[in-house]
Amino acid sequence: MDNEEKVKKFLKQHNGYITTAEFISLGIGRHLIPKYIKSGLIRKVSHGIYIENSLLEDPYYILQKKYPHVIYSFNTAFFILNLTNRTPDKIDITVLKGKRVRGNYNIHYVSQKYYDIGIIDVFSPAGNKIRIYNAERCICDMYRIKDEFDLELQNRILDYYFHSKDRNIDLLLKYAKIFNVYEKINTIVEVMMKW
């Protein structure tokens, strides 16, 4: 199998994306990447990340390929989970304290103690697998960091959540204890479950 066939096969198996490191792991030197760009097989979408030329870029997937430790959170997670129809002005991400991310994002830093809580795999609007926080974690974050959400948006998110078949009230209350918002969340649960 020649190098171009290796690249095509890799692209087919990996959602049409390939990184410089993946070229090297295929035994293809980085000096050959411009050749594949010139031939129209791929195009550069970010530093060290390339996409099959015929595909549309997925900013969520590209960001996580560039920074694997990024978790989508807050408004962005609510949007991807269909708990709001408001498209976020900026992408919201959560990362471990001390990790760097370059770009124009709403970056939320957390300690290792809270980082892994509620991470799930979902598909981005473009159909690629990405990692986000689940609805229960995001609702706790919404009440933990008050300035992020206006009252109208909070009410809309809660309405969508409590009418969702995927809601998990036990998990929501468990997370509420972990994030020290139990009294607020428990009161909301009692009110919403009466409707």
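**Contacts, burial and cysteines in a predicted model**

Reader: Which residues are in contact with His 69, leaving aside its neighbours within four places in sequence?
Author: In this predicted model, His 69 has its place in the loop between helix H4 (59-66) and strand S4 (71-72). Leaving aside neighbours within four places in sequence, its contacts are Thr 94, Val 95, Lys 99, Arg 100, Val 101, Tyr 115 and Arg 131.

Reader: Does His 69 count as buried or exposed?
Author: Buried means under 20% relative accessible area. The relative accessibility of His 69 is 16%, so His 69 counts as buried.

Reader: How many residues of helix H7 are buried?
Author: Helix H7 spans residues 135-144 and is mostly covered. Among its buried residues are Glu 136, Arg 137 and Asp 141, along with Ile 139 and Met 142. Of the ten residues in H7, the number buried is nine.

Reader: How many disulfides does a search of the whole structure find?
Author: Cys 138 and Cys 140 are both among the buried residues of H7. A disulfide needs a pair of cysteine sulfur atoms within 2.5 Å. The cysteine sulfur closest to that of Cys 138 is in Cys 140, at 9.4 Å, which is too far for a bond. Over the whole structure, the number of disulfides found is zero.

Reader: Which residues does Ile 178 touch, not counting residues up to four places away in sequence?
Author: Ile 178 lies in helix H9 (residues 169-178), and because its relative accessibility is 31%, Ile 178 counts as partly exposed. Not counting residues up to four places away in sequence, Ile 178 touches Tyr 114 and Ile 117.

Technical notes:
Residues are numbered from 1 along each chain as its sequence is written. This is a predicted model: local features need pLDDT of at least 70, side-chain atom pairs count only at pLDDT 80 or more; totals for chains, interfaces and linings use all residues. Side-chain values use heavy atoms; hydrogens and water are left out. Buried means under 20% relative accessible area, exposed over 50%, partly exposed in between (1.4 Å probe, protein chains only). Helices (H or I, at least four residues) and strands (E, at least two) are DSSP runs, numbered from the N terminus. Contact means heavy atoms within 4.5 Å.
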